[in-house]
Amino acid sequence: MIALTPRLLSVIAPCRNEAAFIDAFCDSVLRQQLPDGWDMEVLIADGLSDDGTRDRLLERCAHDARIVLVENPGRIVSTGLNACIARAQGAVIARLDIHTVFTPDYLARCIHTLERSGADNVGGPWVAQGTGPMGEAIAAAFQCPWVVGGARSRDQAYEGLVDTVYLGCWRREAFARFGLFDEALVRNQDDEHNLRLRLGGGRIWQSGTIRSVYHPRGSLRHLFAQQQQYGYWRPFVVRKHGQPGSLRQLVPALFVAALLVSVLLLPWTPWPAAALLALYGAYLALASVAAARAAGSWYLLPRLPAVIAAFHLGYGWGTWQGLWDVLRKRTPAQRFARITR
């Protein structure tokens with residue numbers, strides 16, 4: 001057992017092959033303005049990087065004792081997070097992401113919100129900021145309630161209880177009560193942990209004062225692949241708990257199923273396919289206008305229908321792939337068993 005330090009914050013972050021970003025991440029974390037009397041350690045789990053990330057981390061560790069390299073032979077996010085938690089000495093644990101930009105008071109706000117809310121896990125809204133026209137369109141769709149089913153995690157103004165939260169900051173005892181991250185999951189390990197926390201009587205709190213910016217995928221191909229992976233792991237969470245984290249997570253799969261059924265009916269009648277495509281086309285037009293208006297960038301409008309469709313079709317198709325493997329009691333597909341962000 002590790003003796004915990006009451007006013008020590010343990011920052012945990014998994015990574016693999018992040019040589020281009022690891023220095024900027026370390027610099028941003030070390031610039032965090034903690035509350036008076038608090039100190040921190042930064043535990044970074046390297047998943048067998050082969051691009052020089054490990055060498056950069058070793059150099060950073062040699063120059064600043066607060067940075068600690070943690071071995072992650074499992075290579076995936078969940079094993080990396082658990083390896084960091086096992087080494088953490090702080091009474092408070094905050095997860096950060098290598099590709100997210102945090103305001104200088106991010107960690108201080110996490111600690112303050114944890115104390116005032118009495119919740120077991122706290123975090124801020126998930127705010128996306130894209131690079132280039134396609135990246136900006138993806139970010140605009142990512143933030144639009146019409147696209148993500150009204151998820152409160154994207155609402156920058158919301159303050160209160162939520163079913164899941166971006167990244168997270170916990171009291172150490174939360175992991176003793178609710179367990180560590182499920183190492184069988186390559187994706188959705190955070191959603192599953194939050195679901196387990198809520199089912200166990202825990203509380204999750206979101207505060208708009210905890211601010212960060214996430215950089216999403218910059219191409220339709222990468223966006224579709226990312227959403228396919230998110231969808232693929234959803235049935236494995238449902239199998240474990242008998243329910244999804246939220247009903248909105250099942251909608252893309254239902255849409256893909258309806259689309260496939262309407263295609264199969266084409267030899268007999270074209271009307272189901274025509275009606276479904278007409279309805280979805282109208283939805284895409286309205287959702288694209290809403291996303292472009294909210295982003296204040298009308299030039300994104302021509303790209304948004306394809307972006308929104310990539311979100312839904314990727315997630316929905318991935319969900320059916322995962323369900324097929326669950327029903328056949330197969331080991332999760334190896335094409336999805338690599339560390340991803």
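Aspartate 105 counts as buried, with a relative accessibility of 16%. Here buried means under 20% relative accessible area, exposed means over 50%, and partly exposed is in between (1.4 Å probe, protein chains only). You'll find aspartate 105 in the loop between strand 5 (100–102) and helix 4 (106–117). Helices (H or I, at least four residues) and strands (E, at least two) are DSSP runs, numbered from the N terminus. If you leave aside neighbours within four places in sequence, aspartate 105 is in contact with Gln32 and Arg211. Contact means heavy atoms within 4.5 Å.

A quick word on the model: it is predicted, so local features need pLDDT of at least 70 and side-chain atom pairs count only at pLDDT 80 or more, while totals for chains, interfaces and linings use all residues. Residues are numbered from 1 along each chain as its sequence is written, and side-chain values use heavy atoms, with hydrogens and water left out.

Now zoom out to the whole protein. It has 12 helices and 10 strands. Its radius of gyration is 21 Å, close to the 20 Å that the globule rule gives for 341 residues, so the protein is as compact as a globular protein of that length. That radius is taken over C-alpha atoms, and the rule is 2.2 Å times the number of residues to the power 0.38. Along its principal axes, the C-alpha trace spans about 70 × 45 × 40 Å.

Buried residues make up 53% of the 341 residues. Among contacts with a separation of 6 or more, 81% come from residues 24 or more positions apart. The protein exposes about 15,400 Å², and carbon and sulfur atoms supply 61% of that. Those areas come from the Shrake-Rupley method with a 1.4 Å probe; for residues, only the protein chains shown count as cover.

Most residues other than glycine have a negative phi. Asparagine 17 sits in the loop between strand 1 (5–15) and helix 1 (22–30), whereas asparagine 188 is in the loop between helix 7 (172–178) and helix 8 (189–199). Not counting residues up to four places away in sequence, asparagine 188 touches Tyr230, Trp233, Arg234 and Val237.

Here are accessibility values for several residues:

| Residue | Relative accessibility | Class |
|---|---|---|
| Cysteine 15 | 2% | buried |
| Cysteine 144 | 3% | buried |
| Asparagine 188 | 3% | buried |
| Asparagine 17 | 27% | partly exposed |
| Arginine 328 | 38% | partly exposed |

What about the cysteines? A disulfide is a covalent bond between the sulfur atoms of two cysteines. A search of the whole structure finds zero disulfides, where a disulfide is a pair of cysteine sulfur atoms within 2.5 Å.

Finally, arginine 328 is found in the segment after helix 12 (304–327).
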